[in-house]
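This report describes one protein, starting with a single residue and its partner and then moving out to the whole chain. Please keep the sequence and the 3D view open while reading.

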Amino acid sequence: MNVGELSFDDAGRFSVTWQPFESYKDYWGHYAYDPATARIVLKVEGGNSLPGNGRWEGRVALTADGGLIFDQVAFGSADGAPFIGSCRTEFRRHG
């Protein structure tokens with residue numbers, strides 16, 4: 001199952017939801033970002049459905065249209081399926 005909603009705020013918090021519904025979140029935590037190296041580290045701190053198959057450190061870049069490209073970061077999956085291929089994911093900005 002793909003990530004349906006990914007949220008970051010300026011206080012260093014993030015949340016991930018596979019199937020958005022009202023205020024439900026699958027998991028959440030804090031992140032640290034170093035703009036000099038583009039390195040991001042996610043620390044999952046709680047949730048309703050914690051993935052056992054995530055990769056929480058990598059690089060992130062902002063796209064020209066305000067989206068994000070994550071490299072070597074994987075947000076896991078609700079079914080815990082192993083990853084196949086690379087861990088490069090692009091998210092487009094909505095709203």
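E57 has a relative accessible area of 43%, so E57 counts as partly exposed. The model in which this value was computed is a predicted one.

**A pair between β5 and β4**

E57 is joined to R39 by a salt bridge, with 2.3 Å between the closest N and O atoms. E57 sits in strand β5 (residues 57-62) and R39 in strand β4, so the pair links distant parts of the chain, 18 residues apart. R39 is partly exposed as well, at a relative accessible area of 38%. As background, side chains of opposite charge can pair when their charged atoms come close.

**The other salt bridges**

How many salt bridges does the structure hold? There are three.

One of them is formed by E5 and K25, whose closest N and O atoms lie 2.5 Å apart. E5 belongs to strand β1, while K25 is in the loop between β2 and β3 (27-34); the pair therefore ties together parts that are 20 residues apart in sequence. With a relative accessible area of 31%, E5 is partly exposed. K25 is partly exposed too, and its value is 24%.

In another salt bridge, the side chains of E45 and R13 meet at 3.5 Å, N to O. E45 is partly exposed, having a relative accessible area of 40%. R13 is also partly exposed, with a value of 31%.

| Acidic residue | Basic residue | N to O distance |
| E5 | K25 | 2.5 Å |
| E45 | R13 | 3.5 Å |
| E57 | R39 | 2.3 Å |

**Charges over the whole protein**

The protein carries 9 positive and 12 negative charges, and the mean positions of these two sets are 5 Å apart.

**Strands and overall form**

Which elements make up the protein, helices or strands? The protein has seven strands and zero helices. Along the sequence, the order of elements reads β-β-β-β-β-β-β. The radius of gyration is 13 Å, close to the 12 Å that the globule rule gives for 95 residues, so the protein is as compact as a globular protein of that length. Along the principal axes, the C-alpha atoms fill a box of roughly 35 × 30 × 25 Å.

**Contacts and surface**

Among contacts with a separation of 6 or more, 26% are between residues 24 or more positions apart. Of the 95 residues, 31% are buried. The accessible surface of the protein is about 6,200 Å², and carbon and sulfur atoms account for 50% of that surface.

**A residue in a loop**

Where is A11 placed? A11 lies in the loop between β1 (5-8) and β2 (13-17). Is A11 buried or exposed? The relative accessible area of A11 is 57%, and the cut-off for exposed is over 50%, so A11 is exposed. A11 and A78 are 67 residues apart along the chain, and their C-alpha atoms are separated by 26 Å.

Note on methods
Residues are numbered from 1 along each chain as its sequence is written. This is a predicted model: local features need pLDDT of at least 70, side-chain atom pairs count only at pLDDT 80 or more; totals for chains, interfaces and linings use all residues. Side-chain values use heavy atoms; hydrogens and water are left out. Helices (H or I, at least four residues) and strands (E, at least two) are DSSP runs, numbered from the N terminus. The radius of gyration is taken over C-alpha atoms; the globule rule is 2.2 Å times the number of residues to the power 0.38. Buried means under 20% relative accessible area, exposed over 50%, partly exposed in between (1.4 Å probe, protein chains only). Contact means heavy atoms within 4.5 Å. Accessible areas come from the Shrake-Rupley method with a 1.4 Å probe; for residues, only the protein chains shown count as cover. Lys and Arg count as positive and Asp and Glu as negative; His and the chain ends are not counted. The place of a charge is taken as NZ of Lys, CZ of Arg, CG of Asp or CD of Glu. A salt bridge is a side-chain nitrogen of Lys or Arg within 4 Å of a carboxyl oxygen of Asp or Glu.
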